[in-house]
Structure formats: C-alpha cells, structure tokens
Amino acid sequence: MSLELIGGPASNYVWTCRIMLTEKRVPYTLTSVMPHSPAVDAIHPFGKIPVMRHGEIVLAESRAICGYIDRMFDGPPMVPADPIKCAQAEQWISIINTAIDPVWIRQYVGAGYIFPGTPDKSPDRAAIDAALPKMEKQFPVMNEAVENGYFVAGNFSLADAYFLPMLFYTSKFPEGAALVSKHKGLKAYLTRHMERKSVRETMPQTRPGTAGAAPAAPPPAAN
Ligand SMILES: N[C@@H](CCC(=O)N[C@@H](CS)C(=O)NCC(=O)O)C(=O)O
C-alpha cells in the first residue's frame, strides 16, 4: 500500500513532508498539483497543499501528515518521545508555522516576489517593505534558536524540516540574502543542512507557484 503525497513540490510545506518521508525512508509517490485542484479539494476543506492518501487514510495539513508518518513508520523519530523534548520541538514548530511562514513566505517571498500584486508583476515593494521590519526582529531569534540547538530532536528534527525550506526560499531574494549573511548562525545552518541527503534530494526543481512535473520519489536516504 503506497503512500501518495499530493501537492506541487515547490510548496515549502510539500517540501517539509518530502524531507520527512525521506528521513523515515518511506516509499511514496508525489502527485504534483496546485492548491485548489480537485484532488486537493477532495481532502483539504480549504484546498491547501499538501494532502495525503495512504490506503483508506486521507489527511490534510502538513503537521498531521508528518505526525502520521513519524508514528506509523519505523526510522529515526523526527519528534522526540520524551514529553519535555517533544514539547520543546512542538513549540518551535508552532513558532515557525505561525510567525515565520506568514511573514517570510506568504508576505515577503510570496506577495513580494512570486505573486506580486503589481500590474506588471514586478516585485511588490509595499509588501516587501512591510515584511522587512518584522523579519529584522525575527532573524536574531531564529539565529539564536539554531545556534543554541533549540530544535532539540537529536541533530535533525521536524522543526528543521519545516524551517529549512522557509529559510532557503527567503535566502533567494536580495533582502533575505542580506539578512542571512548578517546572521552567522543561520548562514552556517543553511549551508550545513542544504547538504543533507533528505534535503538535497527533495529540493524543488520548479518555481513556487507552479505545479511542475512530478519528480520520482527519491530512493531511501542514508545519512
Ligand atoms: N497549515 C497548512 C498550510 C499549507 C499551505 O499554506 N500551503 C500553501 C502552499 S505552500 C497553499 O496551499 N496555499 C494556497 C491557499 O492558501 O489557498 C499546512 O501546514 O499544510
């Protein structure tokens, strides 16, 4: 019974799930479709990607999908079993999803550069300039988090699988690149983990905002 992950690989949340699947060495197929496609709308009440099918089980929301994969399959735990360490990892996963994604990805990368509201589709300076003061406050927090190893589950956790795609995309645009360069902990963290097998093998080959061709599921990772 093979697991089907549904959603375009350029989505940072699809990427997180693919890192998770690769770390756990779970074979899967990727059905590359945009949000609000029929296959997605059939599962997610608001048409967001990723969604997942595994036999009779259908799930929406990356955190639910990653929790299912972590508990259902063998392989290294991506969230610790220890209650305190688990709570600490969840705290960072929540911060990343509720504070970092809305500003760095939705506002700065998304509204600023990938889906600008400008008539000629040039970068939306208003969206970028509105995001930057918030990012300037958030970068030192995340720099300290990675420098002090706050993401806790061994040396690579679900928190990293969430944060890396966000940091990677942010670093691809000028102000984000400048912020990464200024924060040595984040710069070293990005360089180190982009070399990780599960991250490198699942790196999107398509631009955000496109579904792209469905890449073959990678072979099991051995780190
Ligand atoms: N909370 C959701 C967020 C997923 C999400 O925002 N996905 C984006 C693509 S990266 C999406 O589907 N956007 C379309 C929309 O919001 O309508 C999760 O963790 O899965």
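A pocket is defined on a 1 Å grid over the protein atoms alone, as an open set of points with protein on both sides within 12 Å along at least five of seven lines. A molecule sits in a pocket if more than half of its atoms lie within 2 Å of its grid points.

The model is predicted: local features need pLDDT of at least 70, side-chain atom pairs count only at pLDDT 80 or more, and totals for chains, interfaces and linings use all residues. Residues are numbered from 1 along each chain as its sequence is written, and side-chain values use heavy atoms, without hydrogens and water.

View 1. The ligand takes the space of the largest pocket. Around the ligand (heavy atoms within 4 Å) are Ser11, Asn12, Tyr13, Pro35, His36, Lys48, Ile49, Pro50, Glu61, Ser62 and Arg106. This shell has 4 nonpolar, 4 polar and 3 charged residues.

View 2. A ligand nitrogen lies 2.8 Å from a side-chain N or O atom of Glu61. A ligand nitrogen is also 2.9 Å from a polar backbone atom of Ile49. A ligand oxygen is 2.6 Å from a side-chain N or O atom of Ser62. Alone, the ligand exposes 510 Å², and the protein buries 76% of that (Shrake-Rupley, 1.4 Å probe).

**View 3. The two domains.** By automatic or database assignment, the chain divides into domain 1 (3-77) and domain 2 (83-196).

Definitions and conventions. Polar contact = N/O pair within 3.5 Å; in protein donor to acceptor, adjacent residues only side chain to side chain. 1 Å grid on protein atoms, 1.4 Å probe; cavity = no way out; pocket = protein on both sides within 12 Å on 5 of 7 lines; lining within 4 Å. Nonpolar A, V, L, I, M, F, W, Y, C, P; charged D, E, K, R; others polar.
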